[in-house]
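These are my notebook entries on one structure. I wrote down what I looked up, entry by entry.

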Amino acid sequence: MRKAQHVKSTRFTLLAGAAATAILLAGCGGGTSVTANQAGTSAPDGKGDVKGDIQVSWWGGDSRNQKTNAVIDMFTGKNAGVTVDRQSADFAKYFDKLNVQAASKNLPCVVQLQGRQINDYTKRNVLLPLDGMVDSGAIDISDIPKAVVDAGRGTDGKLYFLPYGAAYDAVGVNTTLADQAGVGLPADGYNWSDFTQYLTTAQAKLPEGVTAANIGGGRPNYFIGWTQANGKTLFDKDGKLGFSKDDLKQYWAMWDDLRQKGVTISAQKSAEEPTAPDQSYLAHGESMTDTLPGNALTPATKTLTGAKPGQEMTTIPFPSGPKGSGNALYPSGFAISANCNNIPTAAAFVNFFTNDLEAGKSFASDNGAATNTKVLDAQLADPALSATKKHELELYKQIIAKNPPTIVFPAGYQSVFEDSFKRAYQEVSYGRMSIDQAVDKFFTEANAKLGQ
Amino acid sequence: MTTTTLPKAPLQIYPRRKTTNPVLAAVIRHALIICALVIMLYPVIWMVSASFRPENEIFNGLGLFSPNFTLDNYVNGWTSGSLNFSRYFLNSFLVTVLSIAGNLLACSVTAYAFARLSFPGKKFLFALLLGTMLLPSQVTLVPQYILFNKLEWINTYLPLVVPHWFGVDAFFIFLMVQFIRSLPRELDESARLDGCGHFRIFSRIIMPLAMPAIGTTAMFTFINTWNDFLGPLLYLNRTDLWTVPLGLNSFLDATGESSYGALFAMSVLSLAPIVGFFIVSQRLLLEGVATTGLK
């Protein structure tokens, strides 16, 4: 339902005039508004004059903000007459703000999103499909691997965001502990049964208070990796769960067996774990392995050297299976909002951020490995690249070489699937439900809300 | 034990007579209160001590002391990267002071009208006012955003401050109405006999007597505005307009590197004005709590 909405930017002079303080404060603010016209055509080609004002919003802390700002400065430097209103907040808060803006049809022109949420927005028609802009050449995707570009597609198959940085999940391994336990790293191309065997063997020789794995059954990311490696479908075409109850029962039985043998941390301890990946038990040297976002290796290593001086960690790919690699990609990229009134500039910015060599080098793959292969190679060739960052980017290259699966996440994935999954396994790990009951509970909860 | 002073006394745990030694009683009482205080304040104490530890030792447990005492978190946090806390504190103060001024003026005038004047529809309007307290703020969030956006007030402090000048905080109006109602009407009447109009009665009689309610309103407005995160998050995009909570949030990055040391250091500093304001207005506040029944 796309309504051609024409929002007039009239001032409500009556109200504004009534407030004497309003004028006083307007002096120190220089107010702006994100009013915009709805695009006339459904698939704009993004061609036109690159000038005027756009708004760009992204998630991140101060260090990411500085890097993003540097790229925006390069963009405005190259395009005289363009001004950029910048908005940022930390991940969770960012989406609070975005949802208010989306609900009031005032999204910033350029919005950073991931595949995990994209369909929450495409379902509500607040984003523009980028296909027309790709066809017209306003946005170039020739240097980005197909598997990565496809991660930017919505459930309707149209491209909604252009991935600039690809995050992936890896298995983080504390190499110092693994060597102490005499197991080293799992062999290349290891599968899930090798992995559980590896964990069980290691546990026998680990020091008191350290477990071989974190509580893996409640980690949606591990499960996604398992489904991909075993050729299961995660979501069907309606956005409902695509795997069977037996699949999940089998998967949870595997983890719960490990938990009962003491190979994973206890349910109680898991409930106390901080959520940030760089503060996890893995980062504190209390767990030998855990799933870790590939780009969290650098901060997690930093924490580990403080918590357990002398220990080191690395990341390896997820276990494989009959259907190949289990490493799904989670790219982040910029989308263009449907209420944007400066589409040519927005398209030029999205293209610049993703494809410009200098911009990419300056951003330094801060939010996942650069998807543009030329940018990625340029970064890898840079001798100043830190060892952990280099490892992160090289692992990405390994994963992408194996043609990883692309997952289209239905609307409601982040708010429904992840929470329900963790909660249901928690019922199992606390012994309050049998695995069968928990699987039923999860299927009922997830299927009720997914895809809507 | 071979001696019992009272042969017929049944088994008793508590001494029969109250101890007469006032020092002992005071010591025991204070020891208990201090224990309770330490338990309640421990998270804050922990935060203060964490702010003096090196970055990678912060989450090393519940202990307070580290051999590596450092002030780096404060030095680096104050102007870290593109952040500038001198600016954020100034902005926060500006928003807070203007909000308090607006709230005090608008709420007290409205409360006076409801408590002392009689006009048609008063009961209905008062019920309406109380009704707005039942409305969750989330409900009005989006319409408010649309309104302020159309007024082109994004990137100004207007959306954060102007509503306070129109008496939108029904709770504080209610608080003051209840307080003013408890003041004897005879005072108004004698002032009226002496020739005072409403303005004089309001400013010379009611306001000085309502100081506890005013102090309570000021204090709570201060805390609410100082800690407000969602409002500034929605309306302030430019970093030079940011308030302290937005600055604190940008130390965190769930998808990259967080600087917890600087976060804790600046959090400690951001608490200082609240503690200071509380100490200054403590007497008024306690009186306010006692006389208005607010908890």
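Where is the place of Asn403(A)? I found Asn403(A) in the loop between α17 (387-401) and α18 of chain A. Helices are DSSP runs of H or I with at least four residues, strands are runs of E with at least two, and both are numbered from the N terminus.

**Ground rules**

I am working with a predicted model, where local features need pLDDT of at least 70 and side-chain atom pairs count only at pLDDT 80 or more, while totals for chains, interfaces and linings use all residues. Residues are numbered from 1 along each chain as its sequence is written, chains are lettered from A and ligands numbered from 1 in the order in which they are written, and side-chain values use heavy atoms, with hydrogens and water left out.

**Positive phi**

I noted that Asn403(A) is not a glycine, yet has a positive phi of about 55°. Its relative accessible area is 60%, so Asn403(A) is exposed. For this I used the cut-offs of buried under 20% relative accessible area, exposed over 50% and partly exposed in between, with a 1.4 Å probe and protein chains only.
Lys105(A) also has a positive phi, near 55°, in a residue other than glycine. Lys105(A) sits in the loop between α4 and β3 of chain A and is partly exposed at 40%.

**Disulfide**

I counted one disulfide over all chains, taking a disulfide as a pair of cysteine sulfur atoms within 2.5 Å. A disulfide is a covalent bond between the sulfur atoms of two cysteines. Here the two are Cys109(A) and Cys340(A), with their sulfur atoms 2.0 Å apart. Cys109(A) is in the loop between α4 and β3 (110-114) and Cys340(A) in the loop between β8 (329-336) and α14 (343-355), so the pair ties together parts of chain A that are 231 residues apart in sequence. Cys109(A) is buried at 1% relative accessibility, and Cys340(A) is buried at 2%.
In chain B I looked up two cysteines: Cys35(B) is partly exposed at 46%, whereas Cys196(B) is buried at 18%.

**Aromatic rings**

My search of the whole structure gave 63 aromatic pairs over all chains. Rings of Phe, Tyr and Trp (its six-membered ring) pair if their centres lie within 6.5 Å; planes under 30 degrees apart are stacked, over 60 edge-to-face, and the rest tilted. One of the pairs is Trp59(A) with Phe91(A), edge-to-face, at 5.0 Å centre to centre and 85° between the planes. Trp59(A) belongs to strand β1 (residues 52-59) and Phe91(A) to helix α4 (residues 91-103), so the pair joins parts of chain A that are 32 residues apart in sequence. Both Trp59(A) and Phe91(A) are buried.
Next I looked for charges over rings, meaning NZ of Lys or CZ of Arg within 6 Å of the ring centre and within 35 degrees of the ring normal. Lys269(A) lies over the face of Tyr281(A), 4.8 Å from the ring centre. In chain B, Arg181(B) lies over the face of Phe126(B), 5.3 Å from the ring centre.

**A distance in chain A**

I placed Gln414(A) in helix α18 (residues 413-429) and found this residue partly exposed at 22%. Gln414(A) and Leu450(A) are 36 residues apart in sequence, and 9.7 Å apart in space, C-alpha to C-alpha.
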